[in-house]
Amino acid sequence: MELRDYLRGLRRHWLAIALMTLLGVGTAYGWSLLQTPVYEATASGVVQAKTEYENGQLLNDDSSARLKVPTLLDMAGWKEVAERVIDDVGLTESPESVATRITVENPQSTSIIRFTARANTPQEAAALAQAWIDALATTVAIVDGEDSPTEISIYSAAAATVPTTPVFPDTRTALIVGGVLGLGAGIAFALIRTASDRRVRATDDVEAKLHVPVMGVIPSSNALTGTSKLMTETTGERTFPVAEALRSLRTNLRFMDVDNPPRKIVVSSPLPGDGKSTIACNLALTLARSGEPVVLVDGDLRRPTVAANLELPGGAGLSDVLTGRAAVADVLQRTPHDAHLLVLAAGTIPPNPSEVLGSARMRQLLDDLAKHATVIIDAPPLLAVTDGAVLTQQADGALLVVGVGKTNYDFVEKALDAVRKANGRALGLVLNKVPKKGGDASPYASAAYVQEYAEGSRRKRSSTHVAAESA
């Protein structure tokens, strides 16, 4: 796979990526709500040392104070200090547990001691930091005693303030981390799905993997839904992409073999649901609209749909002609959609469709019809029953309709193999239901293409009409 394939996969799975990113953000936010908040408060004390000289005066000695700081840092962790803090603040924890919630630091080259306390409430954090300074000062005074030549004392220089926001959890950081992890998981999911996806996607991939030409790319459209599923409008902006794609398919068939163009064309698919009957009906109608005589034969003798798609009565049809119960001229029906199109419905459902379709009478019938018109045969799916493969042997070639994003490459390969084993000829593939947007979109079905050419077509007709009126 190439880089562009992975980029298409990211576009295809953009919704999953977005949902997983939101899930990561939501999970991080929920986690932060479940955590017990931790607040930090800081109080600072200044160490002062007063030395008594011979004249009885006490003078501040900053160098002595700084020398005492390491000792005081060690004393701050004494159990005796922690017990005084417990009594002061009214805690119920053990001295060891309380000591883990305090951090004592000394800024370099200063006689300042900084006390940072952590607690679950802001008031308790501030009280704990301030109480630790007082407890250490009391402990120092007791240890030094009255006979010490140097008086060491700790003065509260910056009282602890009540914090307003917790230091844990950091909701903003949690949301960022959760979003990044969710985004990474979404991208990984999209890339894995893309690498393991065996469904038919892009035109160039199909031709490279299957070595079969793509004869047509039919965009997805609401115009091919409903009861008839026919392209009855050919100029509207809503139906223009499909109509143009069908005309392109018609042109490709004509130029496929200029000296000996196919006259009997089977339209089938690997599996049901790919839209082969819809394509067969619309292809026949598109050929007829060019002024070419066309006969559409419903060769699906198990689940016929051609008559319903063209809004024609069922009744007698192909099976009745092959069994001799009716003449072909009597059962051919004209459609109200185009005078050049004749339809041969399926007729009575026989108990042995494969034998009927593979008979010499069927070959002779198709040869007779092909003398006067192009014959389009709607065949059953190739992998569901053997009828489709049998019909490809009776015709000049087969078009395989493949649903984009639905049909697996393995199924298409098996369908092509079934055609080859029946000594049939695969004319090419028709990619059906190609999205107009997203990673699998056809450039010829984009909104810009549709608008530009549809408006150009309308302007051309309008100018022609005005010129005719002026003349």
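Lys-433 is partly exposed at a relative accessible area of 39% (buried is under 20%, exposed is over 50%, and partly exposed sits in between, using a 1.4 Å probe and protein chains only). You'll find Lys-433 in strand β13, and its phi is positive, about 60°, although it is not a glycine. Keep in mind that this is a predicted model: local features need pLDDT of at least 70, side-chain atom pairs count only at pLDDT 80 or more, and totals for chains, interfaces and linings use all residues. Residues are numbered from 1 along each chain as its sequence is written, and side-chain values use heavy atoms, with hydrogens and water left out. Helices (H or I, at least four residues) and strands (E, at least two) are DSSP runs, numbered from the N terminus.

- Some background first: most residues other than glycine have a negative phi, and most peptide bonds are trans.
- Asn-423 sits in the loop between α17 and β13 (426–434), and with a relative accessible area of 64% it counts as exposed.
- The peptide bond from Phe-168 to Pro-169 is cis, with omega near -5°.
- Pro-169 belongs to the loop between β5 and α7.

**The aromatic pair**

- There is 1 aromatic pair in the structure. The two rings, Trp-31 and Phe-168, have centres 5.9 Å apart and planes at 85°, so the pair is edge-to-face.
- For the cut-offs: rings of Phe, Tyr and Trp (its six-membered ring) pair if their centres lie within 6.5 Å, and planes under 30 degrees apart are stacked, over 60 edge-to-face, the rest tilted.
- The pair connects distant parts of the chain, 137 residues apart: Trp-31 is in helix α2 (residues 14–34), while Phe-168 is in the loop between β5 (150–158) and α7 (171–196).
- Both partners are partly exposed, Trp-31 at 38% relative accessible area and Phe-168 at 33%.

**Salt bridges**

- A search of the whole structure turns up 15 salt bridges (a side-chain nitrogen of Lys or Arg within 4 Å of a carboxyl oxygen of Asp or Glu).
- Arg-84 and Glu-80 make one of them, with their closest N and O atoms 2.7 Å apart. These two are 4 residues apart in helix α4, so about one helical turn separates them.
- Arg-84 is partly exposed at 23% relative accessibility, and Glu-80 is partly exposed at 32%.
- Asp-410 and Arg-198 meet through their side chains in a salt bridge of 2.6 Å, N to O. Asp-410 is in helix α17 (residues 409–421) and Arg-198 is in the loop between α7 and α8 (203–210), so this pair ties together parts 212 residues apart in sequence.
- Asp-410 is partly exposed, with a relative accessible area of 33%, and Arg-198 is partly exposed at 33% too.
- The side chains of Glu-292 and Arg-254 form a salt bridge as well (3.2 Å, N to O). Here the loop between α10 (276–289) and β8 (294–298) supplies Glu-292 and helix α9 (residues 240–254) supplies Arg-254, so parts 38 residues apart in sequence are tied together.
- Arg-254 is partly exposed, at 37% relative accessible area.
- Glu-93, Arg-101 and Glu-124 are joined in a network of salt bridges.

**The negative patch**

- Glu-83, Asp-87, Asp-88, Glu-96 and Asp-134 make up a negative surface patch.
- What goes into a patch: residues with over 30% relative accessible area and no salt bridge, where like charges are joined within 9 Å and nonpolar side chains (Val, Leu, Ile, Met, Phe, Trp, Tyr) within 5 Å.
- Helix α4 (residues 79–89) gives the largest share of the negative patch, 3 residues.
- Glu-83 lies in helix α4 and is partly exposed, with a relative accessible area of 36%.

**The loop between α10 and β8**

- Ser-290 is in this loop, between α10 and β8, and counts as partly exposed at 35% relative accessibility.
- The C-alpha atoms of Ser-290 and Arg-247 are separated by 9.4 Å, with the two residues 43 residues apart along the chain.

Notes. Areas by Shrake-Rupley, 256 points an atom, 1.4 Å probe, with all protein chains shown as cover. Lys, Arg positive; Asp, Glu negative; His and termini not counted. Charge placed at Lys NZ, Arg CZ, Asp CG, Glu CD.
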